[in-house]
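Visitor: I would like to learn how to read this model. Could you take me through a few of its features, one at a time?

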Amino acid sequence: MYFPENFLWGGATAANQCEGAYDEDGKGLSIQDVLPKGFKVITDGPTPDNLKLKGIDYYHRYKEDIAMFAEMGFKVYRFSIAWSRIFPTGEEAVPNEAGLKFYDAVIDECLKYGIEPLITISHYETPLALAKKYNGWSNRIMIDLYLKYCQVLFERYKGKVKYWVTFNEINSILHQPFMSGAILTPKAQLSNQDLYQAIHHELVASARAVELAHRIDPNYKVGCMILAVTIYPLSPNPDDIIEVMRLDDENYLFADVQARGAYPYFAKRLFEEKGVQLEITDADREALTHTVDFVSFSYYSSNCASADPTKGEPTGSNMTTNLKRNPYSKVSEWGWQIDPQGLRYTLNRLYARYQKPLFIAENGLGANDTLVPDGKGGFTVEDDYRIKYMNDHLVQVSEALHDGVDVMGYTAWGCIDLISCSTAEIKKRYGMIYVDLNSDGTGTLARWRKKSFDWYKEVIATNGESLKV
Ligand code: BGP
């Protein structure tokens, strides 16, 4: 295996999917508090069927959970800060001290075990008030509100935190404008003009955050984070090849700006064809030149695309639209195609495009787990399917490292079971730690080590040597 000595092994979570305590210690509502079914339904306010309101009670159990991450040997732990814990409506002049104290404690707990925190500043959890008042990122005012929030974090955690990510899966706004961009206008009614102007605001905010972080602490490393929608042509028909090129351009435009400092060459035609005329100021252009230190991404699956929408079988992937099944790929219980080699391919493509260190911020298998006695008076899950998924993907990470790609680290998504993002279920589990929580909200919330817990512990301890080719 080709993992470097300093490879950052770890796991990842997001505040809204694990913390719970949605109204404690002064937290304001976030957009997730009105999404009880994932991104499909928006309610007027919090409803009892929203599992995220209580989450896995990480807010009160983070010490126990981080101790288990340490037991697995994590070098890094990626988590997000809930913006609405710090600025409940996004517009307060002074941050909420109780919210900050919680993250002080989480960070200190990580540092106690020598775990490097990697913080996502905005992970699908914009304060709801900003969605209601401004229609989220479609309004330019969001840039300043976001930077005010960033400034608090960068100043407070100087010397403690090194790695930051500005926006989770920034390109997912193309598919989920509310969850990703806090835009309340229904997608079908959202014009390309408004969508791309919102994207522009996020890109400027991200770049200005990079500049601000470096100004506050030159040791900060700030990354972008994209949903790596890896797409293969459904057939060798040149029409399909061009369709994939077009979809790739739409997806990579985000990281192109964040990693290279300006809109890419193809943006002019893309905007013309979409009828978009961006309002870009000179100050925006200058801001965009502040590029990220690394490029991070989530990778779960690959898909196919065809120029002819009637061709091929639709995939179960619900973050994206009109993608097709690959007859060579297996699928997860949720219909997500499984393609470990696609991760090697993605790493190589991104590295060729950006020549910046890459970080795999999310990867994993969402599956139904069955709790069984562990023979020692407790419980476990025999999750060989998860071990296989992770093993095969990590082998491909090693291949990419051998190819010469600079990969900084890997954080397994949902290292502890948490509420799913796209469907808000608990039964879609990714963790190496089982949480005793049922779909109806009942359960003891006890934590149990799955078989993958010991497996991952060994992978980390051997720096990947225990992986099976
Ligand atoms: C990504 C999100 C995560 C996460 C993951 C798995 O898109 O960044 O928040 O949950 O997908 O998706 P799901 O939970 O829907 O299975």
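This is a predicted model: local features need pLDDT of at least 70, side-chain atom pairs count only at pLDDT 80 or more; totals for chains, interfaces and linings use all residues.

Visitor: Is Val106 buried or exposed?

Guide: The scale is relative accessible area with a 1.4 Å probe and protein chains only: buried is under 20%, exposed is over 50%, and partly exposed lies in between. Val106 has a relative accessible area of 1%, so this residue is buried.

Visitor: Which residues does Val106 touch, not counting those up to four places away in sequence?

Guide: Contact means heavy atoms within 4.5 Å. By that rule Val106 touches Tyr58, Tyr62, Ile66 and Phe79.

Visitor: Now the strands. In what order do the eight strands close into a barrel?

Guide: The general idea is that strands of a sheet pair through backbone hydrogen bonds, either parallel or antiparallel. Two strands count as paired if DSSP finds at least two bridges between them. Here the order is β1-β3-β4-β5-β6-β8-β12-β15, with parallel pairing. Neighbouring strands of this sheet are turned by 25° against each other on average, direction ignored; axes are lines fitted to C-alpha atoms, for helices over the stretch in contact, and angles run from 0 to 180 degrees between N-to-C directions.

Visitor: How many bridges join β3 and β4?

Guide: Five bridges link β3 (residues 76-80) to β4 (residues 116-120), in the parallel sense. On to the next pair: β4 and β5 (residues 163-165) are parallel over three bridges, with Leu118 opposite Tyr163. As for cover, four of the five residues of β4 are buried.

Visitor: Which strands does helix α13 lie across?

Guide: Helix α13 (residues 384-403) lies across β1 (8-12), β12 (358-362) and β15 (407-413), and runs at about 170° to β15.

Visitor: What does the side chain of Arg85 reach?

Guide: Arg85 is in helix α3, residues 83-86, and is buried, with a relative accessible area of 1%. Its side chain reaches the backbone oxygen of Gly20 at 3.0 Å. That is a polar contact, a pair of N or O atoms within 3.5 Å; within protein, one must be able to donate a hydrogen and the other to accept it, and residues adjacent in sequence count only if both atoms are side-chain atoms. Beyond its neighbours within four places in sequence, Arg85 is in contact with residues including Glu19, Glu24, Tyr59 and Phe102.

Key: Residues are numbered from 1 along each chain as its sequence is written. Side-chain values use heavy atoms; hydrogens and water are left out. Helices (H or I, at least four residues) and strands (E, at least two) are DSSP runs, numbered from the N terminus.
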